[in-house]
Number of protein chains: 2
Amino acid sequence: MALVVQKFGGTSVADAERIRNVARIITDTYEAGNSVVVVLSAQGDTTDDLIAKAEELNPKAGKREMDMLLSTGEQISIALCAMTIEGMGYPVVSLTGWQAGMQTNSAYGNARIKRIETERIRVELDQKRIVIVAGFQGINKYGDVTTLGRGGSDTSAVALAAELRADLCQIYTDVDGVYTADPRKVAGAKKLDEITYDEMLELATLGAQVLHNRSVEMAKRYGVNLEVVSSFSGKPGTKVKEVVTTVEKSHVSGVARDKNIARLALVGLADEPGIAFKVFSLLAKERVNVDIILQSIGRGDTKDISFTVTKSDMEQARKVLEEHKAAIGFDHIDVTDNIAKVSIVGAGMINNPGVAANMFEALFAAGINIHMISTSEIKVSVLVDVVDADRAVQVVHEKFFSEA
Amino acid sequence: MALVVQKFGGTSVADAERIRNVARIITDTYEAGNSVVVVLSAQGDTTDDLIAKAEELNPKAGKREMDMLLSTGEQISIALCAMTIEGMGYPVVSLTGWQAGMQTNSAYGNARIKRIETERIRVELDQKRIVIVAGFQGINKYGDVTTLGRGGSDTSAVALAAELRADLCQIYTDVDGVYTADPRKVAGAKKLDEITYDEMLELATLGAQVLHNRSVEMAKRYGVNLEVVSSFSGKPGTKVKEVVTTVEKSHVSGVARDKNIARLALVGLADEPGIAFKVFSLLAKERVNVDIILQSIGRGDTKDISFTVTKSDMEQARKVLEEHKAAIGFDHIDVTDNIAKVSIVGAGMINNPGVAANMFEALFAAGINIHMISTSEIKVSVLVDVVDADRAVQVVHEKFFSEA
């Protein structure tokens, strides 16, 4: 008998019909002889509705009270789902984050799980009950409700799977699995049967949006067998694991695109040691996350540093750098958000030096100009004009997946 | 410095504007130098909306899961109210039932408070915070969420006031206080400045619906100073206490009416000992609450027993009695719900024998027929035809309150 953790997102429990569908998936898993722990998100727009109510009363509400408010969304989901399963004649119990022993730190709105006291869950499983846990939430040492921030329910599920040593953690979503590119936008995108944690991490970071980074990182750390699967199609999904066993025809597992970026360039910096340190420690202090960094080779006595941030951080980054213009010493800042990042990801890339060249060839053949390039062991990213982004993904995808 | 507990019902927190109003009342009380503990109900129709969602998925949902679901309503209220007060610049914290230490038994849906572990509340009060507690809910010994059933938030407030030895427990509602009769229906109804617990209990039972019985009983047992006051008018309300100090001009404090009753009459019972015991123990076993009981004097070898129940219990009472017709031994059952109960309540009544006679006189003068009469130390109730009910209240009210 296996122990399976299943997580269903907000769209999967958005209305009564979908909750019934989820209840069928859960009870089928239970009928197959498994112990089942389920993690649910809030229904569809519940969280947005609650946020709207809060903003009407206090647009700057404290995070503790926001967590008190928002955590009701998942509590509603688990009660409704448990009732449905109850009505189908199966033993079931719903548990809030605090009942499930999800101990977190006190960073309201973006808490981290410190440990899970799984005693209650184990007792319920021993009594052969299906256990439905509220995702996204926990409790801190003061006995106050916390929420885990973006992707929180995925994190709840993976953390529970790790702590309970589950045989499998299934993340049910509205897509069939992980694709070689966004199937809604790229013709010929193919579903992957398997992908490594590292590849998944790069894809998540790059905007594939199937799984949240925190959950993948945690799954990698604790060796949790993850599976991304559709709540609706009933087809096999994509397995996320340490080592992929299938012989891949391509060394690339996916192509991703991210339009939510901006590029800043500091032009005319003194070509001295310590400049990069000054710039990026200033940005770190302001909690601006920097992605790609490119430093030009010195020309005479000056050099340039370019880097990318998310669009929402662009103005803050510009502001803090302008404020310290004298201390840093540069001529001017050049800023644009008219760009996009296109990336290829693949664990096999490191041993195949031609991969990056193939990508550049495809872009050149399509007449697409590359502004910046960044590479890692399993990734090649390029910045292109935003108008070229979708075409860039298409031609790069064709290069790797049509030829294979 | 006084400690004040304030309870606001669902209509008082129904929307953003009303929550702001409630926040002003609370902060005014705090500004006056008081420690303030607030108990809130769920917003307006929230509970009904949640019940509708549940019924769509499982019309016979278990009570544990219903409590898990419904308790979110009060949690939303307290978070929104705390945010609002926070936005006004006051220190505040919201606490769910379990955080506030509301320990109950495990009768899901209708739990009783066993004790309140007030440590958390006291810590928050010591730090000069306004404490906003979710009414209607608690936690049982298994760590599961329970709800207190009808009138639960009033009970939460009074129990907290008792446990914290509060100087005053204010129940804010949408009426100005306790009236001598329903002011929406009876011309000349007057607001009472004070009323005793016992009078309030009789009035609550009789359908005045200002305060729930359980909360008044608890207030009486622990000597909690209660005050019923309007969230909207800003006027002084009605104080509920052990002994009323004002010199009342009338010995009657109120006239109430209850149309939600039915009368059953067992006709042709043997005039033997033990018959009443048989009848009412059968009904008690079925949890049918019996109100007025009237047994006729034996005529020859038979007698009749008449009694009233709530309308919703009428059919069940008839059924169980018909099923045991042979064992009880009666000729037939006569059932009607075409009746209403009109009552006068007053602690001064016991020492003024003319009070009941005055009531009967008023009804006689109006040509209203009385079917049954029941009296206690502080109450006289009569059954009349339902068509006469409103007129009966009016003429009885005039008798006692216009002459005074």
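Trainee: How do the axes of helix α3 (residues 63-87) of chain A and α3(B) cross?

Mentor: An axis is a line fitted to C-alpha atoms, for helices over the stretch in contact, and angles run from 0 to 180 degrees between N-to-C directions. In this predicted model, the two axes come within 8 Å and cross at roughly 170 degrees. Angles under 35 degrees count as roughly parallel, over 145 as roughly antiparallel, 65 to 115 as roughly perpendicular and the rest as oblique. α3(A) and α3(B) are therefore roughly antiparallel. Their contact residues divide into 18 nonpolar, 6 polar and 4 charged. Here Ala, Val, Leu, Ile, Met, Phe, Trp, Tyr, Cys and Pro are nonpolar, Asp, Glu, Lys and Arg charged, and the others, Gly among them, polar.

Trainee: And what are the ground rules for names and values?

Mentor: Residues are numbered from 1 along each chain as its sequence is written, while chains are lettered from A and ligands numbered from 1 in the order in which they are written. Local features need pLDDT of at least 70, side-chain atom pairs count only at pLDDT 80 or more, totals for chains, interfaces and linings use all residues, and side-chain values use heavy atoms, with hydrogens and water left out. Helices (H or I, at least four residues) and strands (E, at least two) are DSSP runs, numbered from the N terminus.

Trainee: Which residues of α2(B) meet α3(B)?

Mentor: Contact means heavy atoms within 4.5 Å. On the α2(B) side you'll find B:T46, B:T47, B:L50, B:I51 and B:A54, and they meet B:M66, B:L69, B:L70, B:T72 and B:G73 in α3(B). That contact splits into 6 nonpolar, 4 polar and no charged residues.

Trainee: Is α5(B) mostly covered or mostly uncovered?

Mentor: Buried means under 20% relative accessible area, exposed over 50%, partly exposed in between (1.4 Å probe, protein chains only). α5(B) is mostly covered, with 11 of its 12 residues buried; among them are B:D154, B:V158 and B:L160. Just after α5(B), B:R165 takes a positive phi of about 50 degrees.

Trainee: What phi does B:K128 have?

Mentor: A positive one, about 65 degrees. B:K128 is in the loop between α4 (119-126) and β6 (130-134) of chain B.
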